[in-house]
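The stops below are given in the order in which to select them.

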Amino acid sequence: MLLLFWVASGAAQSVSVTGTVSNAQGVLPGVNVQVKNKSVGTTSDANGAFAINAVPEDTLVFSFIGYVTQEVLVGSQTKFTILLQADETALDEVLVNAGYYKVKDKERTGSIAKITAKDIELQPVTNPLAAIQGRMSGVNITQQTGTPGGGFSIQIRGLNSIRSGGNDPMYIIDDVPYPSQSLGSTDVSNGVMLNPTSPLNSLNPSDIESIEVLKDADATAIYGSRGANGVVLITTKRGKAGATKFDIHAYTSLGKVTRRLNVLGTDAYLAMRKEAFANDGYDVLPETAYDVNGTWGNGNTDWQKELLGGTAFVKNMQASISGGSDQTQFLLSGTYRKETTVFPGDANYKKGAIQSKVSHRSEDDKFKIDFSTDYVTDKNILPGADITRQAYMLAPNAPALYDANGNLNWENGTFENPLAALEGSYQTKAENLIANTLLSYKLYPGFELKASLGYNTMSLSESRTNPSSIYNPSYGLSSAYAESFANNAERHSWIIEPQLNFEQEWGRTRLEVLTGATFQAQSEKMLSIYAQGFPNDALINSLAAATNLTVLRNSINEYRYHALFGRINMVWDQKYIANITGRRDGSSRFGPGNRFANFGAIGTAWLFSKEPFLKKLEFVSFGKLRGSYGITGNDQIGDYQFLDTYETTSNIYDGVSGIRPARLFNSDFGWESNKKLEVALELGFFEDKLFFTAAWFQNRSSNQLVGLPLPGTSGFPSLQANLDAKVENRGLEFDIRTLNIQTKDFKWTSSLNITSLKNELLEFPNLSASTYGNTLVIGESLSIKKLYHYTGIDSETGTYTFEDFNGDGLITALDRYVVADTAPEYYGGFSNQLSYRNFELDFLFQFVKQKGIDVQASFPITGSLSNQPASVLEGSQIYTTGENVAAVTANANYSRSDATLTDASFIRLKNISLAYTIPTKWLRKASARFYIQGQNLLTFTKFKGIDPENQSFSSLPPLKQFTFGSQISF
């Protein structure tokens, strides 16, 4: 008996079991390794290695968020190689960042969309918004220009505010509010960028771990007055427990213009010009008609190739070191990026970034501290003007750009050389620092005290120069006509947010309570100066050398914001969920009569898949019905708008500059409010291999902050006030995610998102008397254009004709009765991820259904000294050089008529990536991944212009890019 006992005890003796855990990309640190039904466990280190004591009868459980849990019987084996499969559809343990709290995806009551670092890394972008395009329902992003450092516009569920500057979302970077308003000056960037420098350029996409977009009231109301247009939460990467790990990620890209405009060749162009002169009564071509009288000859230059046909190069390198113990983790990374343009010359955009993050928790797990800093600096050097427009308009037989000596060719004063813009420059230098400390302490079981301390400082220095060398020498303009623009601005802000969290479970009920406060301050300074007249062009950057100096703007603004907020969340029986959020805000931007306001929301959810009546439907794996209603606000109005303010004038009295009143006092100036309603259904089938979400939403924005028109006798054109105008956005969002195939070696998943949205102006008292009377119509979208109705070409005069809508015998602005909505009817994206052993293929198609304005509307009148799109040969009014006044007027009306309305819909292969990961057994403790990517490779559209996305005639379209990169870890 004793012998048998000794044998049995020996058989059950534990042994050391070791191995490695990896995924399709390489080793996987931080994986939980647990002995099933025992309190014995460990985690894999930075190299994916683990060691644990177990007996042969034990079962090891390997689990990691986002991956399928795997169980392995120990048996006689003491070394294992575990390959975890990504579980794209697992909802139970996936946490979603909702700002002040995190929530399990299956239990969220609000509408939150998310992308991760894996999605961001598929795109060689410099602005985080570029990574979101086509990947989220309800989020419409447009690239404004292909010029390095250019910005993006974003709309989350439509336009809520009538004011053009009042529709930006709120940005939160690692718990620190980040302003969406640019420090740039339109006076300085004019002609180079469509809009001032985007502050989001001062973020480093390579440092981002995830981006969440909060859309409905349940998700945004806790941000109160700043959540009306949605909230974008950006979380940066952090270190993980394990051995010290080094990561190097490097890639290079080549970029070309995606599309070309079909314009006239020399023969067709000269025929057009000669006919125009003949129509204007010229028997002999004028001496100054250099393009057509033989002075320039009959060359046929492809100016789009010459001016826009270059190759833009991107070089990006990031290196990081991370690791730590179970208690303390750290990460330190640095990034360098350089990007050039397709324009001639040596213009370039450089960015450098340093990120550090340290996390620590005490041994008893009561105290935690997280400290992070992100510093980014970028410098942009561009030509003094965007020469895209000249590439389309320049006569095909125009002279060469350079003479025999390599100097700019002015062809004896007859030619305006487009490369003269390169003599000038537009330069920016920006610096941005975001620092945050998050402290937490567990007071008692269920109670946790937190404090978030954040600081952000940003500075921008920009200048644009136009030396005298940009002018044709025949004008005889000296450096006395040279000019420069300069802008220097800085912004500093801090925020303190103490919080108290409570969480407890009683039987089948779980309760979470959060309460907190916000104390925030922001200061901003800006000085913009125009200088003219210099001794020579070499001194153009010295303001002291200028003859004339004009201060364009000199401002100092301060902003204070305080708030109390709270959340109550209750889950009963893991099926019924209620979430209540509220906030009371106080802002220095509003008058004393409306300085404080209350905002809040309630969200509910029913996980009906847990009900007994659905248990028999085995193919239904998940079902949730959720809804929310609440009120959020908007305070994007700038500072001091409610006060009596004064401004300086250029008038001098007795040697002193005068001042004049600029704005009237309004003590009741208060918040815009946005009432949001949403109902959504989430369904999972076949163990969530097919997952479907449908959401209907309605947002109504009122108390619009606009200028109320005043009579001229008041001395003021308007009074800043809340107008009882109402704007509605309603729509449908659909998200479908499928796991098409999953075998040992092959996996294929797909995602589809579609958004259909209708924007409508419901109310606007006395609209016709306001400054919006000629641009808005009640019952229509805020994105409309009011156009003339084109009726054809007059057979006698040969000019365009239009309907005289009001019958007064004249064609005036009152006849523009055709309403054309250029907002997208629907938009979305379709992505696929395929993996076979160590190969991965990802691709994304972006699609938009919309109307636009034909490129012909942007060209000068047909027959003038400008090339034209080839479409003019299909039908145009009488050609003229500009001397036929009736034709000139008709052409101007034509550009504002429904004849230019066209289909601008498109489907674009936004991104495609092919990657190969070297097997871990070849590299032992290291991992390596190599990839090639394509961006904007194919565009399918009927739009005849340059690009259907931004539809700009004067800005560079988005570039087609090819990227080659590698990621190495050791």
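Predicted model: local features only at pLDDT ≥ 70, side-chain atom pairs only at ≥ 80, totals over all residues.

**Nonpolar cores**

Start with Leu307, Leu308, Tyr392, Phe859, Phe953 and Leu956, which touch the most other members of the largest nonpolar core, a set of 40 residues. Helices H5 (266-279), H6 (303-308) and H7 (388-393) each supply at least two residues of this core. The most come from H5, which gives five. Now centre on Leu308: leaving aside neighbours within four places in sequence, Leu308 is in contact with Val257, Trp303, Val342, Phe343, Thr388, Ala391, Tyr392 and Leu956. Another core, of 32 residues, lies apart from this one; Tyr171, Ile173, Tyr178 and Ala489 are among its members.

**Helix H8**

Select residues 885-894, helix H8, and colour Ala887, Ala890, Asn891, Asn893 and Tyr894, the buried residues of this helix. Looking down the axis of H8, you find these buried residues within an arc of 160 degrees, so they line one face of the helix. At the start of H8, a side-chain oxygen of Asn884 comes to within 3.2 Å of the backbone nitrogen of Ala886.

**Salt bridges**

There are 42 salt bridges in the structure. Select Glu71 and Lys36, whose side chains meet in one of them at 3.1 Å, N to O. Glu71 is in strand S6 (70-73), while Lys36 is in the loop between strand S2 (32-35) and strand S3 (41-43), and the two are 35 residues apart. Glu71 is partly exposed at 45% relative accessibility, and Lys36 is partly exposed at 38%.

Next take Asp370 and Arg238, which form a salt bridge at 2.6 Å, N to O. The pair spans 132 residues, with Asp370 in strand S21 (367-383) and Arg238 in the loop between strand S16 (231-236) and strand S17 (242-257). Asp370 is buried, with a relative accessible area of 19%, whereas Arg238 is partly exposed at 43%.

Then select Glu512 and Arg510, where the closest N and O atoms of the salt bridge are 3.6 Å apart. Glu512 is buried at 17% relative accessibility, and Arg510 is buried at 15%.

Finally, display Asp105, Arg108, Arg157, Lys215, Lys624, Arg626, Glu678, Glu682 and Glu733 together: salt bridges that share partners join them into one network.

**Asp216**

Not counting residues up to four places away in sequence, Asp216 touches Thr109, Gly110, Ser111, Arg157, Ser628, Lys676 and Glu678.

**Two positive phi angles**

Most residues other than glycine have a negative phi. Select Glu411, where phi is near 50 degrees. Glu411 lies in the loop between H7 and strand S22 (425-444) and is partly exposed, at 25% relative accessibility. The last stop is Asn766, with phi near 55 degrees. Asn766 belongs to the loop between strand S37 (746-763) and strand S38 (784-787) and is exposed, with a relative accessible area of 54%.

Conventions. Residues numbered from 1 in each chain as written. Heavy atoms only, no water. Contact = heavy atoms within 4.5 Å. Core = buried A, V, L, I, M, F, W, Y, C linked by side-chain atoms within 4.5 Å. Buried < 20%, exposed > 50% of the residue type's maximum accessible area, 1.4 Å probe, protein only. Helix = DSSP H or I, 4+ residues; strand = E, 2+ residues; numbered from the N terminus. Arc of directions from axis to C-beta. Polar contact = N/O pair within 3.5 Å; in protein donor to acceptor, adjacent residues only side chain to side chain. Salt bridge = Lys/Arg side-chain N within 4 Å of Asp/Glu carboxyl O.
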